[in-house]
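User: I have a structure open and I'd like to go through it in pieces. Can you help me read it?

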Amino acid sequence: VAAGCPFLEAGVEQGEVWHLDYDTDARLQGPWYGKVARGLGAGPKAMARIRYMEPQDPAQGLDLERLAELEDLVRVGPPALLVIDAWTSAFFYADSRKAEHVAEVMQRLRQIAALGPALLLIDHAPKPVQGLTALERGVAGSFYKLGGARAAYLLQRVAPKLTGGQDVLRCDCLKNNLGPLGE
């Protein structure tokens, strides 16, 4: 989005990106932006459109009061894309096994998205258990998060033994209310 580069063979509107990171230390996350920019051939102008933000107190999470503050910021000048990384860390206080907890957070996020930005929530896939893969188990915590999303994708590493030793990522669509999917 910051570079306006096509994604999955579709055009992307260029704009400002806000990345709220409740999950990764900035010293670890920061170098990835440069690597991605080089891979896309994006320059410093694109990088300047990314506003990487870490909470002062990650232990507080992105509670309803802070979501209201975020909504006020978005109302003043919405980014094109708002990334919240990751659900498990930002909304730790919401029991993802309870529909009412997830619905309350999702409702606030819908209000924020209605102000203009595309909203990308990152979550973690659970570890495979009892013979089920991460794809079969879905998103960590519950089906309520999946139910509240317009689209959900699972990005996972393919075992190198299946790819001749190559480093391959696979993207599976778990849900898509946005339109038909291509191959």
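User: Which residue in S3 is the bridge partner of valine 17?
Analyst: Leucine 81 is the partner. Keep in mind that this is a predicted model.

User: How many bridges join S1 to S3?
Analyst: Five bridges link strand S1, residues 17-21, with strand S3, residues 81-85. The two strands run parallel.

User: What order do the strands of the sheet come in?
Analyst: The order is S2-S1-S3-S4, in an open sheet of four strands with parallel pairing. At the edges are S2 (50-53) and S4 (118-122), each of which pairs on one side only. From one strand to the next, the twist averages 15°.

User: Which strands does helix H5 lie across?
Analyst: Helix H5, residues 99-113, lies across S3 and S4. Its angle to S4 is about 145°.

User: New topic: aromatics. How many aromatic pairs are there?
Analyst: There are three. In one of them, the ring centres of tryptophan 87 and phenylalanine 91 are 4.9 Å apart and the planes are at 55°, so the pair is tilted. Phenylalanine 91 also pairs with tyrosine 93, edge-to-face, at 6.4 Å centre to centre with 75° between the planes.

User: Is phenylalanine 91 buried or exposed?
Analyst: Phenylalanine 91 counts as buried because its relative accessibility is 1%. Tyrosine 93 has 32%, so it counts as partly exposed.

User: Which residues form the aromatic cluster?
Analyst: Trp87, Phe91, Phe92 and Tyr93 make up one cluster.

User: And what sits over the ring of tryptophan 18?
Analyst: The charged end of arginine 51 does, 5.1 Å from the ring centre.

Methods:
Residues numbered from 1 in each chain as written. Predicted model: local features only at pLDDT ≥ 70, side-chain atom pairs only at ≥ 80, totals over all residues. Heavy atoms only, no water. Pairing = 2+ DSSP bridges. Axes fitted to C-alpha atoms, helices over the stretch in contact; angles between N-to-C directions. Contact = heavy atoms within 4.5 Å. Phe/Tyr/Trp six-rings, centres within 6.5 Å; stacked < 30°, edge-to-face > 60°. Buried < 20%, exposed > 50% of the residue type's maximum accessible area, 1.4 Å probe, protein only. Lys NZ or Arg CZ within 6 Å of the ring centre and 35° of its normal.
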